[in-house]
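Visitor: Could you walk me through this model? I would like to begin with a loop and then move on to the packing.

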Amino acid sequence: MTLTFHWFLPTNGDSRDIVGGGHGVPTGAAGGARPASVAYLGQIARTAEQLGFVGALTPTGAWCEDAWLSTAMLTEVTERLKFLVAFRPGLLAPTLAAQMASTFQRLSRGRLLLNVVTGGESQEQRAYGDFLDKDARYARADEFLHVVRALWRGETVDHAGAHLRVEQARLHRLPDPVPPVYFGGSSAAALPVAVRHSDVYLTWGEPPVQVADKVNRVRALAAEAGRELRFGIRLHVIARDTADQAWTQARRLLDGIAEADIKAVQDGLRRSESEGQRRMLDLHGGSRDRLEVAPNLWAGVGLVRGGAGTALVGSHSEIAERIAEYHALGIDEFILSGYPHLEEAYWFGEGVLPILRQRGLWRHPDGRPEATEHVDVPFAGSAPPRAVPEPVATR
């Protein structure tokens, strides 16, 4: 199996600095943003499509634009790119969610992927009218996905659970294809739900030893349930021609962060109920020191951003090697991002993906050949163009 790469749509705004957001972190905590307009997001989406990314993750929460509406608009300015729409089961009814997914699939010609997010922060959930605690949210997500899956199979559903109830629910038009479900979560309450309902289990970018442990645990639980899952990882990336150039950029991002911002964000993140967020915090402890937590794995993003807080940093070949290392542990899908998202997509797509293609680990989803036809174009340092002769006067 070749690797699958997805990019990220910064629907909370973009910047040449790290943009905060997620898990109670205020947007823009570490720098000004490029507005998340359809024009700019469309530019990122078209770039990702051209470079060979399969899809683009779109986040959910009060800190960003709505994922369903944003991606629906972006289907009109792209052709192939799929959209990994993050959504929270507690904020809409399962029958409506199943119908929305079906509509999205038909109108986008099958370009929907679904990222189920139960919600890690009770305070934010209550703002949306959801007053369940964390464990209950996972229990509700279990019921929710049970109903949605049954509807997608064309069944008429009667369900009376602890959190959800539907009677004679049925879809008149089924999604084709059924959208794959992506699901993350590191807590004891999350893992059973993930193995019962997800197609792709996601982890944030932890060091390889920790990722291997998590993959093995989830794979064993899935086997007990008679299921086989794919695995994905969510990371930022800083890829450059040389390692020095990449680490210079990482230091530039770090230098742009004020100590007051780090303290404020870390204080907020320590109140998070998310087990995954706790694991991210443990990597750096809120300190600028020792941020390279594994070879080429930098935890600096997590100083001012909730959620995924690590980045692969290095030369194109080093990052390709780290990706191959994660792949050997069982990771087949990579959801990547970088600041700013437009420029970093080009660095990765033009620098790292060709190396992975040469190693037989990746191919362009459009089926493009290994090399395009050579075109002679004069560049600096090449032979000067021939002089154009003066025109000859005629009578």
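Visitor: Where is R109 found?

Guide: R109 is found in the loop between α3 and β4 (112-116). Helices (H or I, at least four residues) and strands (E, at least two) are DSSP runs, numbered from the N terminus.

Visitor: And what sort of model is this?

Guide: It is a predicted model, in which local features need pLDDT of at least 70 and side-chain atom pairs count only at pLDDT 80 or more, while totals for chains, interfaces and linings use all residues. Residues are numbered from 1 along each chain as its sequence is written, and side-chain values use heavy atoms, with hydrogens and water left out.

Visitor: Back to R109, then. Is R109 buried or exposed?

Guide: R109 has a relative accessible area of 58%, so it is exposed. Buried means under 20% relative accessible area, exposed means over 50%, and partly exposed lies in between (1.4 Å probe, protein chains only).

Visitor: What is phi of R109 near?

Guide: Phi of R109 is near 65°, which is a positive value in a residue other than glycine. N296 also has phi near 65°, again positive and again in a residue other than glycine.

Visitor: Where is N296, and is N296 buried or exposed?

Guide: N296 is in the loop between β10 (292-294) and β11 (297-298). With a relative accessible area of 8%, N296 is buried.

Visitor: Which residues is E318 in contact with?

Guide: Leaving aside neighbours within four places in sequence, E318 is in contact with A243 and N296; contact means heavy atoms within 4.5 Å. E318 itself is found in helix α11 (residues 316-328) and is partly exposed, with a relative accessible area of 27%.

Visitor: Let us change topic to helix packing. How do α2 and α3 cross?

Guide: The axes of helix α2 (residues 67-74) and helix α3 (residues 94-108) come within 11 Å and cross at roughly 15°. Axes here are lines fitted to C-alpha atoms, for helices over the stretch in contact, and angles run from 0 to 180 degrees between N-to-C directions. The two helices, α2 and α3, are therefore roughly parallel to each other. Angles under 35 degrees count as roughly parallel, over 145 as roughly antiparallel, 65 to 115 as roughly perpendicular and the rest as oblique.

Visitor: Which residues make the contact?

Guide: W68, T71 and A72 of α2 and M100, A101 and F104 of α3 make it. By class, the contact of α2 with α3 has 5 nonpolar, 1 polar and no charged residues. Ala, Val, Leu, Ile, Met, Phe, Trp, Tyr, Cys and Pro count as nonpolar, Asp, Glu, Lys and Arg as charged, and the others, Gly among them, as polar.

Visitor: Now the aromatics. How many aromatic pairs are there?

Guide: The count comes to 9 aromatic pairs. Rings of Phe, Tyr and Trp (its six-membered ring) pair if their centres lie within 6.5 Å; planes under 30 degrees apart count as stacked, over 60 as edge-to-face and the rest as tilted.

Visitor: Why is the pair of Y201 and F231 edge-to-face?

Guide: The ring planes of Y201 and F231 are at 70°, with centres 6.2 Å apart, so the pair is edge-to-face. The pair links distant parts of the chain, 30 residues apart, with Y201 in strand β8 (residues 200-204) and F231 in strand β9 (residues 230-240). Y201 and F231 are both buried.

Visitor: Which residues form an aromatic cluster?

Guide: F5, W7, F53, F334 and F348 form one aromatic cluster.
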